[in-house]
Amino acid sequence: FRGGGGGGGGGGGGGAAAGRRVYVGNLNWDCQWQELKDHMRSVGEVLHADVLLGSDGRSKGCGLVEFSTPEEAQRAIQELNDTELMGRMIFVREDREARSEY
């Protein structure tokens, strides 16, 4: 009895962006995606930046940024975590959740 069929290939939907996305927290309530993108592109090419909004249309104070490579995302975590954006110290970490917004 030989178990184990082949290991599947790379994780399906959303897997393409895995490792290239970072979660940014503690954003200023007035921060728009444009300011977030401008701040993050100091470490690499930003493909997409989004500030998450609640059902009332107001900022949740966090966002997601997708870079062109996983290396740029790691640079963002290393170099932009605990930096100031619009008067607030933001934190940057790996995005751990698969989200359908992309």
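A nonpolar core is a set of buried Ala, Val, Leu, Ile, Met, Phe, Trp, Tyr and Cys residues joined through side-chain atoms within 4.5 Å, where buried means under 20% relative accessible area, exposed over 50% and partly exposed in between (1.4 Å probe, protein chains only). In the largest such core here, which has 18 residues, Val24, Leu36, Met40, Val65 and Phe67 touch the most other members. At least two residues of this core come from each of S1, H1, strand S2 (46-53), S3, helix H2 (70-80) and strand S5 (88-94); helices (H or I, at least four residues) and strands (E, at least two) are DSSP runs, numbered from the N terminus.

Please keep in mind that this is a predicted model, in which local features need pLDDT of at least 70 and side-chain atom pairs count only at pLDDT 80 or more, while totals for chains, interfaces and linings use all residues. Residues are numbered from 1 along each chain as its sequence is written, and side-chain values use heavy atoms, with hydrogens and water left out.

- Beyond its neighbours within four places in sequence, Met40 is in contact (heavy atoms within 4.5 Å) with Val22, Val24, Val46, Val65, Phe67, Ala76, Leu80 and Val92.
- Val51 belongs to strand S2 and is buried, with a relative accessible area of 8%.
- Again leaving aside neighbours within four places in sequence, the contacts of Val51 include Leu27, Trp33, Leu36 and Cys62.
- From C-alpha to C-alpha, Val51 and Tyr23 are 10.0 Å apart in space, and they are 28 residues apart in sequence.

**The aromatic pair**

- Searching the whole structure gives one aromatic pair; rings of Phe, Tyr and Trp (its six-membered ring) pair if their centres lie within 6.5 Å, and planes under 30 degrees apart count as stacked, over 60 as edge-to-face and the rest as tilted.
- The ring centres of Tyr23 and Phe91 are 6.0 Å apart and the planes are at 40°, so this pair is tilted.
- Distant parts of the chain are linked by the pair, since Tyr23 is in strand S1 and Phe91 is in strand S5, 68 residues apart.
- Tyr23 is buried, at a relative accessible area of 14%, whereas Phe91 counts as partly exposed at 35% relative accessibility.
- Arg93 has its charged end over the ring of Tyr23, 4.3 Å from the centre; the criterion is NZ of Lys or CZ of Arg within 6 Å of the ring centre and within 35 degrees of the ring normal.

**Buried polar residues**

- Glu66, in strand S3 (residues 59-67), counts as buried at 9% relative accessibility.
- The side chains of Glu66 and Arg20 are joined by a polar contact of 2.5 Å; such a contact is a pair of N or O atoms within 3.5 Å, where within protein one must be able to donate a hydrogen and the other to accept it, and residues adjacent in sequence count only if both atoms are side-chain atoms.
- Asn28 lies in the loop between strand S1 (21-25) and helix H1 (33-40), and Asn28 is buried with a relative accessible area of 17%.
- The side chain of Asn28 reaches the backbone nitrogen of Asp30 at 2.8 Å, and a polar atom of this side chain also lies 2.8 Å from the backbone oxygen of Met86.

**The two sides of H2**

- Glu72, Ala73, Ala76 and Leu80 are the buried residues named in H2.
- They cover an arc of only 105° around the axis, which puts them on the same side of H2; the arc is that of the directions from the helix axis to the C-beta atoms.
- Glu71 and Gln78 are exposed on the other side of H2.
- S1, H1, S3, strand S4 (83-85) and S5 are what the buried residues of H2 pack against.
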